[in-house]
Amino acid sequence: MILYTARRLVGAAGILLVICALTFAVFYLMPADPAQGACGKACSPERIAQIRATLGLDQPLPTQFAAYLGGIVAGRTYGSLECGFPCLGFSFQTNQPVWDALTSRLPTSVSIAAGAALLWLLVGCTAGVVAALRRGTVWDRAAMIAALGGVSLPIYLTALLSQYVLVVQLGWLPYPREVALTDDPVGWFQSMLMPWCTLAMLYAGVYARITRSEVLENLGRDYVRTARAKGLPEVTVLRRHALRPALMPVVTIFGMDLGALLGGALITESVYGLPGVGKLAADAINSADQPVILGVTLFAAAFVVLANVAVDLVYALLDPRVRTV
Amino acid sequence: MTVLPITRPADVPPLRRLLRQPSAAVALVVVVLLVLMAVFAPLLVWTSPTEFDSAAVDPALGGLPRGAFGGISAEHPLGVEPVSGRDVLARIVYGARVSLLIAVLATLVSVVVGTVLGLVAGFFGGVVDAVVGRLMDLLMSFPSLIFMIALISALPEANREALLVLVLGGFGWPYVGRIVRGQAMVLARGEFVAAARALGAPRRALLLREVLPNLTTPVLVVATMSIPGYIATEAGLSFLGVGVRPPTPSWGQMIASAVPWYAADPAYFLIPGGFLFVTVLAFNVLGDAVRDVLDPRSVRR
Amino acid sequence: MSQCTRVGLVAVVGMLALTACNGSRAQGGSTGEAVRGGTLHVLASTDLEHLDPARNYVTSSQNVARLIYRTLTTVAPKPGQAGGEIVPDLATDTGRPSDGAKTWTFTLKDGVKFEDGQPITSKDVKYGVERSFAPDLPEGAPYARMWLVGGDRYKGPYENPGGLASIETPDDKTIVFRLNRPVADFGSAASLPLFAPVPKEQDTGVGYDGRPVSSGPYKIEKFEPKKRLELVRNTHWDPKTDEVRKGLPDRVVLELNLDPAVVDQRLVAGQGADAEAIAMEPIGAATVGRVVNDPALKDRLITGESINTRFLTLNTRRAPLDNVKVRQAIAFALDKDALRTVRGGPIAGDIATTLLPPGLAGHAADDQFPSADGKGDVAKAKALLAEAGLAQGFAVTLDAPSTAGGKAQGEAVQAALGRVGITVTINAISPSAFYSTIANTAQMHDMAIDGWTPDWAGPSTYLPLIFDSRLITSEGNNNHSQYHSDAVNKRFDEIAALADPAAAATAYGELAKQIARDVPVVPFLWDKAAILVGPKVAGAYGHVAYVGRVDLATVGLRK
């Protein structure tokens with residue numbers, strides 16, 4: 001098991017390294033030069049050259065990449081600027097290490113992702129199981145129509161519609177804003193409710209459909225028939241032989257979805273104006289702040305890759321055969 | 001609860017089986033209508049989607065459309081865009097061209113790339129399989145939305161439509177590739193391929209004549225299922241400001257420009273939003289139906 | 001109250017109406033007296049570019065910085081054009097010129113202190129000015145580098161710790177600036193942030209941007225760039241030394257980089273803490289209708305004067321725009337009214353017909369390219385194009401910021417010029433890179449959505465900076481049109497030598513007409529700002545030095 005874990009982690013590190021290299025290379029295609037971004041309006045050619053030297057932009061690309069990797073592992077400096085471990089770059093537009101910007105935005109993204117995930121797991125999986133067990137009934141049809149509708153509603157539409165109805169027309173909720181859970185739990189809940197529901201609506205649809213088809217597939221398996229034939233109580237049959245195996249694929253996509261969301265719910269955060277990691281990315285892209293774009297991409301990729309490893313480890317724990325693969 | 005035995009007469013042609021489901025039939029009609037609308041856009045509307053109509057908006061109210069429901073009138077059946085007074089119907093119709101074309105082409109790219117690489121990986125195995133497999137893992141663990149935006153905004157001089165197709169297809173092919181690879185692996189070990197090989201057929205012939213035709217069904221299913229995703233993503237990218245360039249109309253762009261207006265002029269986001277929802281829903285329903293009809297191992301029937 | 005939003009065609013009338021309006025509102029019951037205390041929230045859709053006094057060169061950051069640090073002089077805390085007046089701040093007067101305005105002397109007030117209680121000395125001001133020369137701290141106003149003797153060689157206190165000899169501090173209260181040319185309005189320049197004191201031992205170099213030391217009523221408690229700035233009282237600030245700032249709220253919290261629509265909606269709703277909030281930026285077009293139709297909201301709308309002129313820049317070096325007839329045709333074809341509608345309609349300002357806006361000294365009424373309601377004169381434009389041999393039209397590329405507003409303005413230009421056969425392609429550039437891109441002569445295309453706000457209410461930091469062909473540089477260029485006229489250059493030199501600022505202003509006004517005939521730019525809007533404030537905000541007015549935004553130094557909350 002330890003060996004397996006180690007192998008998976010090394011593999012994950014490899015993927016991250018490649019992502020890092022690819023992203024790094026792509027950002028050198030950017031027309032806006034980071035030195036010019038840091039220099040701004042009243043900027044002479046000499047100043048640009050000076051800033052370029054401070055940022056190490058006059059070095060060859062591999063040297064810059066090595067320095068970047070070194071920064072992630074051990075921190076680094078840009079001229080007189082300190083960028084401590086783990087240095088994911090330094091934003092010269094905000095005079096701030098990218099890591100600091102990320103950590104200041106993370107609580108909002110975690111609030112959004114955790115609440116939404118809880119909601120969609122609860123709603124989506126329940127609907128899926130009910131639909132599977134009551135296959136062909138009104139319940140099944142209603143759940144699947146709702147799920148299809150949820151899957152077909154892009155987040156920005158749900159977000160705008162809910163704001164229009166709940167905030168503008170009915171006045172039931174305030175406009176979402178950044179509120180710390182510890183400062184004002186009620187305000188936090190009120191601000192988060194719409195983002196949670198918006199995200200959950202899309203994902204719950206996906207999860208309901210997956211759960212339903214997995215449960216149905218398992219119900220059709222031989223061992224369920226055998227279990228039934230043995231005269232096991234129906235509840236036991238369902239729980240042990242239909243629901244538990246159906247859980248595995250759900251866990252897989254859940255890991256990836258949650259990982260992706262922790263790396264920032266770009267559209268949700270943008271529409272509701274919540275300053276999470278996704279909003280940070282959107283703003284950085286708008287202002288061509290390459291160090292931040294690079295940092296957020298890596299940060300988000302790290303969450304997805306780690307979530308994949310976590311899912312694999314959960315699998316390995318549940319099913320020892322996997323470890324030998 | 002008992003599972004009913006499946007009754008599906010194999011002799012009924014797939015299209016007729018598809019149309020037997022009322023929801024699928026409706027979805028197909030919607031999709032056909034949308035495609036016709038996009039193709040015959042210039043015949044349907046005479047107003048140009050980029051023509052300003054300053055008489056239709058009230059500058060004293062910040063350019064709010066004159067009249068109810070976003071300025072709906074005989075001249076502008078779906079109202080006008082605030083500020084500019086451009087005709088919403090014209091922008092919807094021409095926007096459908098952009099949305100559908102990009103989605104279909106991106107699907108084509110992902111299907112071609114995914115099928116070729118998946119086939120090669122699954123059929124030959126070994127090093128090829130390992131490389132393609134890693135590549136797919138890599139692309140699927142990319143925070144693709146952020147990366148797509150960054151990439152598109154990094155290349156502003158290129159043709160946006162082509163770029164969108166390539167980027168969407170480039171990040172989408174692993175989902176096709178994964179399925180094709182799995183199927184190809186099964187097929188490559190299957191009896192009839194073994195038989196063909198025993199008869200001395202060359203590898204390429206095997207790939208083209210035996211394996212590829214057997215992949216048509218799953219690929220068709222994935223392709224149909226992925227179109228709504230591409231429509232939504234293209235609209236999302238346009239929504240975030242990196243889609244097609246103005247004044248080319250696109251539904252995502254219309255919704256994005258409606259964000260500040262949703263309280264003052266709700267019709268302006270409800271109309272393109274409604275079209276987008278109906279389109280994505282229709283493709284989703286159709287995708288489900290195609291899968292149910294074509295995929296013998298599908299459980300949803 | 002109807003004249004509050006009605007804009008007079010003759011600008012002076014409009015201004016009088018506004019002033020009268022503001023006056024009546026202050027006495028009216030809708031807004032009570034501002035009292036000390038409370039937390040003022042500022043909802044900003046923009047970011048604070050730089051708080052470091054050496055780098056702070058954006059009006060919104062300067063407005064915020066006035067809460068944190070003081071400068072030798074500053075702008076008067078008054079609504080309307082009166083806000084353009086320069087008044088003493090740290091100094092006892094607005095500077096005493098000698099040697100034909102080549103030497104300027106300032107004396108500091110008694111009892112002025114930094115946030116740690118240390119007294120502010122003339123050496124701290126000298127050090128602050130010297131920092132603006134450091135290449136590590138770019139982006140600030142260029143005047144110290146342009147005007148101080150030896151400024152062309154000095155590289156700032158980090159590289160030249162000896163300091164700049166042309167700034168003398170004979171004692172702790174006196175500071176003398178020796179200039180390389182006569183500068184009649186140096187006292188106005190001294191209101192810019194680079195004339196704020198910086199304590200040398202607390203200078204953290206580039207990092208100073210995140211935590212400048214306070215000399216004003218507030219100090220920074222917490223700053224998260226692009227997200228939030230929290231200010232608390234600086235207990236060492238003595239209101240008796242400061243006739244400008246009121247320092248009413250106990251705390252000032254700025255939420256940065258919000259979506260503009262979100263800011264508008266939160267202020268329209270005015271719920272909870274948003275009742276004690278003001279918007280940093282004017283309302284968007286989408287909110288205008290709601291505000292105009294709702295008396296309660298209209299009452300919370302502040303209208304501010306501005307000296308910003310928006311124009312379409314035409315690159316005079318690129319064919320066929322190098323032909324003056326073509327540029328004149330564009331000036332006739334442009335639909336200025338549509339461009340104003342994009343920005344919110346009449347509430348966003350008046351249709352511009354001259355380079356110098358009405359609020360600026362030297363403005364003289366003129367309109368060389370008249371059309372009904374500013375919608376353009378298509379027939380005249382077509383005739384001019386035919387004269388230029390381009391009746392069949394041509395294609396150009398327009399540089400515009402990739403913001404929603406920038407794209408919308410681009411599309412308005414596109415539609416207007418399309419009427420005369422000119423095909424416009426929009427090149428959208430990310431807002432942060434926009435000005436550096438069009439300031440690069442190799443990257444600037446045929447046209448650009450552009451504009452200019454003088455650094456103080458006089459034409460001397462406007463026309464010479466953007467139309468003197470000798471200042472064209474390949475990067476960091478302000479003459480975006482690359483306009484070249486030897487006659488105009490000569491006239492710039494003659495006006496700069498005038499000792500009387502009023503005579504200089506009149507001369508600039510006449511010169512502006514001459515430049516306008518060559519159409520390097522097409523002015524289309526003289527800005528006004530319509531800003532929403534929460535129901536509990538009192539004493540808010542738009543300040544002309546901050547392009548009509550609410551003067552943060554004096555705004556407060558009522559009980």
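Predicted model: local features only at pLDDT ≥ 70, side-chain atom pairs only at ≥ 80, totals over all residues.
**Entry 1. Chain B overall.** I looked up the extent of chain B: its C-alpha trace spans about 80 × 45 × 40 Å along the principal axes. Of the 301 residues in chain B, 50% are buried. I then took the contacts in chain B with a separation of 6 or more, and found that 69% of them join residues 24 or more positions apart.

**Entry 2. Where chain C meets chain B.** I counted 29 residues of chain C in contact with 24 residues of chain B. Which elements of chain C give two or more residues to this side? I listed helix 6 (260-269), helix 7 (285-293), helix 10 (336-342), helix 12 (404-418) and strand 16 (422-429) of chain C. By residue class, the side of chain C that touches chain B holds 14 nonpolar, eleven polar and four charged residues.

**Entry 3. The six-stranded sheet of chain C.** I traced an open sheet of six strands in chain C, with the order 14-18-13-17-15-16 and mixed pairing. Strand 14 (349-351) and strand 16 of chain C are at the edges and have a single partner strand each, so one side of each is left without a neighbour in the sheet. From one strand to the next the twist averages 30°.

Within this sheet I examined strand 15 (residues 394-401) and strand 17 (residues 447-452) of chain C, which run parallel and are joined by two bridges. Opposite Leu398(C) I found Met447(C), in strand 17 of chain C. I next placed helix 12 of chain C, which lies across strand 13 (309-314), strand 15, strand 16 and strand 17 of chain C. Helix 12 runs at about 170° to strand 16 of chain C.

**Entry 4. The four-stranded sheet of chain C.** I found a second open sheet in chain C, of four strands in the order 4-5-7-6, with antiparallel pairing. Its edge strands are strand 4 (96-98) and strand 6 (167-171) of chain C, each pairing on one side only. Neighbouring strands here are turned by 25° against each other on average, direction ignored.

I followed the pairs in turn. Strand 5 (residues 103-107) and strand 7 (residues 174-178) of chain C are antiparallel and share five bridges, and Phe106(C) stands opposite Ile175(C) of strand 7. Strand 6 and strand 7 of chain C are also antiparallel, over three bridges, and form a hairpin with two residues between them. The bridge partner of Ile167(C) in strand 7 is Phe177(C). Helix 3 (residues 122-131) of chain C lies across strand 6 and strand 7 of chain C, at about 170° to strand 6.

**Entry 5. The largest nonpolar core.** I noted 338 residues in this core, where Ala281(A), Val296(A), Ile149(B), Ile255(B), Ile278(C), Leu312(C) and Val522(C) touch the most other members. In chain A, domain 1 (2-83) and domain 2 (103-323) both contribute residues, so the core lies between them.

I then took Leu312(C) alone. Beyond its neighbours within four places in sequence, Leu312(C) has contacts that include Leu334(C), Val413(C), Met447(C), Ile449(C) and Val522(C). Asp450(C), Val521(C) and Phe524(C) are also in contact with Leu312(C). Met447(C) is the residue I had found opposite Leu398(C).

Key: Residues numbered from 1 in each chain as written. Chains lettered and ligands numbered in written order. Contact = placed C-beta atoms within 7 Å. Nonpolar A, V, L, I, M, F, W, Y, C, P; charged D, E, K, R; others polar. Core = buried A, V, L, I, M, F, W, Y, C linked by C-beta atoms within 7 Å. Buried ≥ 20, exposed ≤ 12 C-beta atoms within 10 Å, placed from the backbone. Domains from an automatic or database assignment. Pairing = 2+ DSSP bridges. Axes fitted to C-alpha atoms, helices over the stretch in contact; angles between N-to-C directions.
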